[in-house]
Amino acid sequence: MRGLFTIGICCGLRLGDVATLRWSDIEGYTPDLIKWDFHGREIIRLTRKTKTVVHIPIERELADYLHDQYEVSGTEEYILPEAAKLYLEHQNVLNNRILGYLHSLGIQTQRSIPGRTRKQSVKDFHSLRHCFCYYAGLRGVPLPVVQSIVGHLTASMTKHYQSHADRKARMQGLALMRGLTGGNHAGDGTPDSLLRQNLTEYIQTASSMEILRLNVLIAQMNDSAKQLNAEVKLLTGA
């Protein structure tokens, strides 16, 4: 379950693609390496359902998991051999295990619909794909980047979005997703550090006029902060 859910939330892939993900799907992978750093590489995958190629940057949290899992299944074809076997041979068993795990967490997976005898599924593994897109939106990952990572229902639309999202854009976009599985790494991926990084990159490429305007804004902000502090001290008697 840990492997399925970690890869699912970090990549936004469907269950079939997560369960049958191969080590060879990782960019530059070779089986003869003793230790491998997966961070900064990409998963390049032809999706099973829509037959579209997706490029998924491997951020630190997923890289750490893959490093541990490599010790377990690095000699196998699939990253999650047991999940792959179940999906390919007994898909219902795998689905039931996932639903059972969700139930153990107190998550309701179905709901009754008036006038229908069959319940409607509301939570399952596919919910991780929705979570990925939802949190990406909350954290400001550009829509074209998200759609180039998760793929699209039509090949033409996928091609359209992928043409606007290059490798650098995908890497920067996924950097905003840090902290989904284990909390933020200190000084790496926190909102504060990401903002500082964005400001640094902006300053390095900004024109002289833009730098001047930025200095004016900073000076105005400093004046406002000083005035606010003075008012607080006056009110509190500090």
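Axes are lines fitted to C-alpha atoms, for helices over the stretch in contact, and angles between N-to-C directions run from 0 to 180 degrees. Two packed helices are described by the angle between their axes and the distance between the axes. The model is predicted: local features need pLDDT of at least 70, side-chain atom pairs count only at pLDDT 80 or more, and totals for chains, interfaces and linings use all residues. Residues are numbered from 1 along each chain as its sequence is written, and side-chain values use heavy atoms, with hydrogens and water left out.

The protein has 11 helices and 4 strands. Helices (H or I, at least four residues) and strands (E, at least two) are DSSP runs, numbered from the N terminus. Helix H4 (residues 81–89) packs against helix H5 (residues 91–104) at an angle of about 125 degrees. Their axes lie 5 Å apart. H4 is therefore oblique to H5; angles under 35 degrees count as roughly parallel, over 145 as roughly antiparallel, 65 to 115 as roughly perpendicular and the rest as oblique. Glu82, Ala83, Leu86, Tyr87 and Glu89 of H4 make the contact (heavy atoms within 4.5 Å). On H5, the partners are Gln91, Val93, Leu94 and Arg97. The residues of this contact comprise 5 nonpolar, 1 polar and 3 charged. Here Ala, Val, Leu, Ile, Met, Phe, Trp, Tyr, Cys and Pro count as nonpolar, Asp, Glu, Lys and Arg as charged, and the others, Gly among them, as polar.

Across the protein, 36% of the 238 residues count as buried. Buried means under 20% relative accessible area, exposed over 50%, and partly exposed in between (1.4 Å probe, protein chains only). The protein exposes about 14,700 Å², by the Shrake-Rupley method with a 1.4 Å probe. Carbon and sulfur atoms supply 55% of that area. Among contacts between residues at least 6 apart in sequence, 58% join residues at least 24 apart.

Histidine 126 sits in the loop between strand S4 (120–121) and helix H6 (127–138). At 34% relative accessibility, histidine 126 is partly exposed. Its C-alpha atom is 8.5 Å from that of glycine 8, 118 residues away along the chain.

The structure holds 0 disulfides (pairs of cysteine sulfur atoms within 2.5 Å). Cysteine 10 is in no disulfide; the nearest cysteine sulfur, in cysteine 11, is 6.2 Å away. Cysteine 10 is buried, at 10% relative accessibility. The sulfur of cysteine 131 lies 9.5 Å from the closest cysteine sulfur, in cysteine 133, too far for a bond. Cysteine 131 is partly exposed, at 28% relative accessibility.
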